[in-house]
Amino acid sequence: MQKFSFRKFMGNLPIRILLLLYSVVVLYPLFWTITTSFKTTEEFYENPWSLPSTISFTNYVSAFEKTSIGHYFMNSVFVTVVSVTLCVLVSFMGAYAIARAKSKAMRWLRNVYISSLFIPSAFMIVPLFLLLGKIHLLDSLWGLAIVYASVQIPYTIFLLIGFMSSIPREYEEAASIDGCSNTKILFQIIGPMAKSSLVTVIIFNFMGAWNEYIMRCRSLRQRRSGHSSWVLSI
């Protein structure tokens, strides 16, 4: 057990103070937002910085009843889950094929995926908007999910290729000798071994799809009669 060192503690004290101040700066806006949400409108305008005198759920009731935030939330969940599922499934199979293939065509395809990472997302907005219009997927949650999946595929494949290349081929050869097909090898042998990398790309894709804003504003531009296809960020 290490002994307490006063000199070492004092040497780290400025860093501890800075980290503490940084934590307050980061956490206070979140704390203020949560406490303010329990205030009435009159109480907020009277003193925005004070704690709520009474806990009021009026703002939450209005958000669900007047603005349909519950419906928007479910739309966001749907778009995110569908896009992440499509992206990870396609990228997993594509990365495995590229990592295991030795042909020049696959190496060229890998370079194409890597090169597409350098295309700014802002340049894709107009072409994707026109494409969605031609295939009648504007103002469609399915269209938005497909766009998110397709945009994230190059980055996901790039990450998965590095991990797939590190898996020894002996596992696949042993499974093939035991009679496993290529599909079973991919999903029953490689899949469980690639759990850590799959979880990583799922988290990245989830955050990207959930927080994206610009493309949602362009593709979900209308309100349908009877229900809304808008999502939380809009």
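Begin by selecting helix H7 (141–166), which gives the most to the lining of the largest pocket, with 7 residues. Helices here are DSSP runs (H or I, at least four residues), numbered from the N terminus. The model is predicted: local features need pLDDT of at least 70 and side-chain atom pairs pLDDT 80 or more, whereas totals for chains, interfaces and linings use all residues. Residues are numbered from 1 along each chain, and side-chain values use heavy atoms, without hydrogens and water.

Next, display the pocket itself, which holds about 560 Å³ of space. A pocket is an open set of points, on a 1 Å grid over the protein atoms alone, where a 1.4 Å probe fits, with protein on both sides within 12 Å along at least five of seven lines; lining residues have an atom within 4 Å of a point. The volume is the space filled by probe spheres set on the points, which are joined across faces, edges and corners.

Now select Ile119, Ser121, Met124, Val151 and Gln152, the closest to the pocket centre of its 20 lining residues. Helices H6 (125–134), H10 (195–211) and H11 (214–219) also each give two or more residues to this lining.

Finally, select H4 (residues 69–100) together with H10: the two pack at about 140 degrees, with axes 9 Å apart. Axes are lines fitted to C-alpha atoms over the stretch in contact, and angles run from 0 to 180 degrees between N-to-C directions.
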